[in-house]
Amino acid sequence: MLGYLFRRLGYALPIMLGVSFLCFMLVHIAPGDPLVSILPADASAELQQQMMRLYGFDRPLLEQFVHWLWRALHGDLGSSIATSRPVVDEVFKAVGNTLMIALLATLIGFTFGSLFGFVAGYLRNSWADRLASFVSVVGVSLPNYWLGMVLVIVFSAQLMWLPATGAGPGGSGDWNWNWAHVQYLILPALTMSFIPMGIIARTVRALVADILSQEFVVGLRARGLSEWGVFKHVLKNCAPTALAVMGLQLGYLLGGSILIETVFSWPGTGFLLNQAIFQRDLPLLQGTILVLALFFVALNLLVDVLQTVFDPRIERG
Amino acid sequence: MSLSQQQLVNEFRDVGGARQPLLIVRGLKKYFPLKSTGFGLRRERLAVRAVDGINFEILKGETLGVVGESGCGKSTTARLLMQLTEQDSGELIFDGQALGSRGLPLREYRRQTQMVFQDSYSSLNPRMTIEDSIAFGPTVHGVSKREALERAHDLLLRVGLEPARFAGRYPHELSGGQRQRVNIARALALEPRLIILDESVSALDKSVEAQVLNLLQDLKQAFGLTYLFISHDLNVVHYLCDRVLVMYLGEVVEVGPADALFEAPLHPYTQALLRSMPTTDPLQRTEEAPLAGDPPNPINPPSGCRFHTRCQDARAVCASVAPIFHEAVPGRRVACLKYQPDSGYETAQIPLREVTHG
Amino acid sequence: MTAAILPDPTGERLDRPAVVRSRGHGANVLRRLLRNPVAMIAATILLLLILVAIFAPWLMPADPYATSMLKRLKPIGTEGMPLGSDELGRDLLSRLMLGARLSLFMGIAPVVMAFVIGGSIGILAGYAGGWLNTVVMRCVDVLYAFPSVLLAIALSGALGAGITNSLVSLTVVFVPQIARIAESVTTGVRRSDYVDAARASGASSLLIIRKHVLGNVIGPVFVYATSLISVSMILASGLSFLGLGVKPPQPEWGLMLNTLRTAIYTQPWIAALPGLLIFITSVSFNMLADGLRSAMEVKQ
C-alpha cells in the first residue's frame, strides 16, 4: 500500500514538472518579445537591455525555467503588470471566490445527479430511466455559458429574483453570509452544476444498474433482506466510484470556471484569467494557470489514493 | 505450384540430409523479469525462470510430443522456437544452419517454421476474411495476390472446408473446429517444413478433436511435414507422437520414443504423470495422488534437482546436486541422479523427508 | 473429404463456383446505425445544418454584414428580418446561417486533426511498446493533466485571438485524449494471437500495422473521436465567446452570443438564439456518437 503511494507520487512528480514547464513556456510561445508586455514600446535600448538582464531573458531557456520554478516554489510568482500587486496574492484571493461557487455547484450536482441516477438505475428501461438519460445527455451537451445567459434572462431580466452579475453589493471585497450576498452565488453555482449533474447521473445510473443486475443481489433478496437493506448495500458499493467522480468534477470546475465567471462577472480565477489575457498580463496569466493546473494534478492524485484506500477491490499495479 | 508437388519441394530443400535433425535446440534460456520490490539495499530483481537452458532435437519427419504441467515452460518454448519472443541465450540450428547466420536469416526461417495456436478465435484477425487471412503469409514473401488467393482456396479444400462456402466468411461465422482447420491451412500456406502445434486441439470438442487429429496425420503424410506437438493430454500424445519430451519447471527431464516412455518411464516425474492418467482398469486403482501439491514457484526453483520436493524417490543428495541430462539407456535421455552413477545417489541412505532443504 | 486437385492445363479455373462473400464489419455497423431512430433524427438535423452551412451564401435572405443603426435589435417576426436583428442592425437569420460555417468548422476540424495526429502517435507508441511507449505516453500525460478548458484558454491566451490559433489550441487539447485511447487499443491488439501469427509469417512491423492493426484500432478510436465533436464545438464557441477565437465582424455563434449579451434585457430571445443552435448541434452530435457506439458494441 505504501509502495503504491510512493509509486503514484513518483508518477505525479514528473507530470507536475512537465506541467510547470508548459506554463513557463506559455510566455515564450506568445508572439512578440516577452519584454513588450513589461515595457512601454518607446523604451530606450539601454532600458530594454537592463530589463532583459533583470528578468533573465538573455539566459538560456532551461536556466530561466529553473529560476522561475525556484521562485515559484518560494511563493513568488512575479507581479501583475496591470496592478503591480504580487501574482500570488491575486490568485489566492480569486481561488477562494471560485471555490465558493465550485463547491456549491459540486454539491448541487452530486445531490441531484445521484438522485436521478439512482432512480434511473432502479427503474431501468422505464420512462423514468429514459428521461434521466435524456437529462444527462442534455447536461453534457449544454454550453454552460449559454445556460448562464438563459438563467440570467429568466431569473434576473424577466423575473428579477436574482442579481445578474457580480459578487455582492459591495464587490468581492466584503463578503457576508447573508441573503444580500448569498443571492449572488446562486445563479453561477446553479449554472456550473449542470455538467457535473449530468455526468454523475450517468455514472450512478450505470453503477446501480450493474449492481442490481448481479446475481448476488438476487441471492440477498432470496435470503429475506428487505429492500432498504438492499438499497444500503447498493449505496455502499456505488459510493467510492461516485465520490471519485465528484472529486474529479470539482477539479474540472475549478479549472474551467472562466466561461461562467465571465458571464456573471464573478471575481474568481477564471475572471482573473480573462483579465490577464486581455491586458496581456503575462505574469498573471502564467501564475494563475500554474496554480490551477498543479491543483488539478494534486486533486487527481488525492482522488486516486483515496479510492484505493476505500475500495479494496480496485487492483493497483 | 500445386500442392501435390509440396513433398518434392521439401525434399529439394533438405540441406543436411536425412540424419541431420531438422531442429537442434541448444542451451535455450528465457527469464521474465518481475517488478523489483523494495527500495535501495532491499531491492531484489526477481524473474520467472520460464525456460532454463534446455537442449533437444527434432528429427526430420517425426512428431515430437511435449508434455508437462501448466507453467513448465511448454508454451514459452514454442514461442521461442517461433522467435515470437527472443531468448536470453541459446541457439537454434535448423537443418544444420544456425538461425541468424548468413545462410539462414530470420525471414527465411519463418518460411520454414509455422505454428498453430491454441485459441482458434483469437489467432484470426476478426476483420479479415478467411481467404485473406490465409493469403497474407504468401503475399509477404512475394507471391502475387491472385496466386495467394488461389493457394488459399486450394488449402481450404485440403483441410476439408469448401472454398465457395468459407473463403469469403469472417472468423466469427465459423465453429471452433472449422477455425482450427483454417489455422492449419494458414500454417501450410507458406509451405513450411516444421509445424508447431501448441495445444491446438485442446479447446475442441472430443469428436471434432478426432477429426482434426486425423487431418493432421493426413497432411503430414501428404506434405512430408515434421510436427512439434505440445499438449497436456497424454492419451493424444501417445497416439500421435513418435517421441515424447517431458518438461518440468523450465527444464527437460526426459526424452524417449513414445511407446517405450509410456510403458517404462524413467524419470520419477514422468512416472507420476503417467500414473495420474485416469484409467478404467480395476487393477490400477490408486488411493494416494501420485503427484502431491502444486509445482514450486518458478521464480525461486528448488536447489539441486528441481523435482526433489515432490519426488517419491528423493534422497538427501538430490537437494544439492543438479542432475545432468544424459543418455541413460540407448535412445532415451533423462535428468535424474538415479541414473547417474557416481552422483552420490547410490550411497545416500537417508530418504529426503528427514532432511530440510532450502 | 479431401479431393485431389488436377492441374488445369489452360490455367483458368472454369469449374470453380463463385465465393460467397459475407458482409463486412463496417457494413454491419452502418446497418445497425440506420435502424436507430434517435441516431437517425440526429443525423438528419446535422445534415440539414451542414447543408445550410454550405449553401448559406445562396440561402441567406439578407447581407449578414450590412449594419444599420436604425434597425438595431428588432424583435423576431419583423418585416424582412424573420429572426430579428442584432446589436448592429444586421439580419440575425443571415448571420446565423453564415455563422454555421465557422461554428461547425471550428468544431469538427480540430477533432479531425487530432484524430490523425493523436491516432498516429497512439498507434505507433502502442505497437512499439517498451521505453518508447513510456516516454511518448508520459509526454502525452503532461498535456492530459490539464483540464481541457484551461489548456485551450492558456494556449489561445498565449498565442492570441484568431481562427488559426484557436484551431491549434483545440487540436492540442484533443490530441492527448485520442492518443491515449489509440495507444490502449493498439496495445491490446498487439498482444493478440493473430498479430503473433502475422509476425510469424515474416511480415515487417509496418506491414502488420497497415494490414492487421489499423483495421482493428480505427473503429474504437473513431467512435471516441465522434463523441469529442460536441465538446469541441462548445469549446470553440466558448473561445469565440471570450473573444479569443473568431474575430468580429465574422459571424460565428459563440461570438454572436458574446456581442448580444447586452441585449438580454431588451431582446432576450434574440440574445439566446445563437446559443440554442450550439446546443441543438451539440446534442445531435452526442446522439449520433452514442448511436455509433451502440452499433459497434454489439457482440457479433
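Predicted model: local features only at pLDDT ≥ 70, side-chain atom pairs only at ≥ 80, totals over all residues.
View 1. The buried residues of H8(B) are Val212(B), Leu216(B) and Leu219(B). They lie on the same side of H8(B), because the arc they cover around the axis is only 70°. Lys206(B), Ser207(B), Asn214(B) and Gln221(B) are exposed and sit on the face of H8(B) turned away from the buried side. The packing partner of the buried residues of H8(B) is helix H7 (176-188) of chain B. After H8(B) comes Gly224(B), with a positive phi near 60°.

View 2. Glu199(B) is placed in the loop between strand E7 (194-198) and H8 of chain B. Although Glu199(B) is not a glycine, its phi is positive, at about 50°. Most residues other than glycine have a negative phi. With 18 other C-beta atoms within 10 Å, Glu199(B) counts as partly exposed.

**View 3. Asp95(B), in the loop between two strands of chain B.** The loop that holds Asp95(B) runs between strand E4 (89-94) and strand E5 (97-98) of chain B. Asp95(B) is not a glycine, yet has a positive phi of about 50°. Asp95(B) has 21 other C-beta atoms within 10 Å and is therefore buried.

View 4. Chain B contains 11 helices and 12 strands, and 42% of its 358 residues are buried. Of the contacts in chain B between residues at least 6 apart in sequence, 66% join residues at least 24 apart. The chain is divided into domain 1 (3-31 + 49-247) and domain 2 (267-280 + 289-339). Taken over C-alpha atoms, the centres of domain 1 of chain B and domain 2 of chain B are 30 Å apart. Seven residues from domain 1 of chain B and nine residues from domain 2 of chain B take part in the contact. On the domain 1 side, strand E2 (residues 47-58) of chain B gives the most, with three residues. This side of domain 1 of chain B has three nonpolar, two polar and two charged residues.

**View 5. The contact between chain B and chain C, seen from the elements of chain B.** Chain B brings 36 residues to this contact and chain C brings 29 residues. On the chain B side, the elements that give two or more residues are helix H3 (106-112), strand E6 (113-116), helix H4 (130-140), helix H5 (145-158) and helix H6 (163-166) of chain B. By class, the side of chain B that touches chain C has 14 nonpolar, 10 polar and 12 charged residues.

**View 6. The contact between chain C and chain A, with the helices of chain C that supply it.** The contact takes in 33 residues of chain C and 37 residues of chain A. On the side of chain C that touches chain A, two or more residues come from each of helix H4 (130-144), helix H5 (148-159), helix H8 (205-242) and helix H10 (268-297) of chain C. H10(C) gives the most to this side, with nine residues. The side of chain C that touches chain A divides into 22 nonpolar, eight polar and three charged residues. Buried residues are 37% of the 317 residues in chain A. In chain A, 73% of the contacts between residues at least 6 apart in sequence join residues at least 24 apart.

**View 7. The cis peptide bond in a loop of chain C.** The bond from Pro248(C) to Pro249(C) is cis, with omega near 5°. Most peptide bonds are trans. Pro249(C) is in the loop between H8 and helix H9 (253-259) of chain C.

Conventions
Residues numbered from 1 in each chain as written. Chains lettered and ligands numbered in written order. Helix = DSSP H or I, 4+ residues; strand = E, 2+ residues; numbered from the N terminus. Buried ≥ 20, exposed ≤ 12 C-beta atoms within 10 Å, placed from the backbone. Contact = placed C-beta atoms within 7 Å. Domains from an automatic or database assignment. Nonpolar A, V, L, I, M, F, W, Y, C, P; charged D, E, K, R; others polar. Arc of directions from axis to C-beta.
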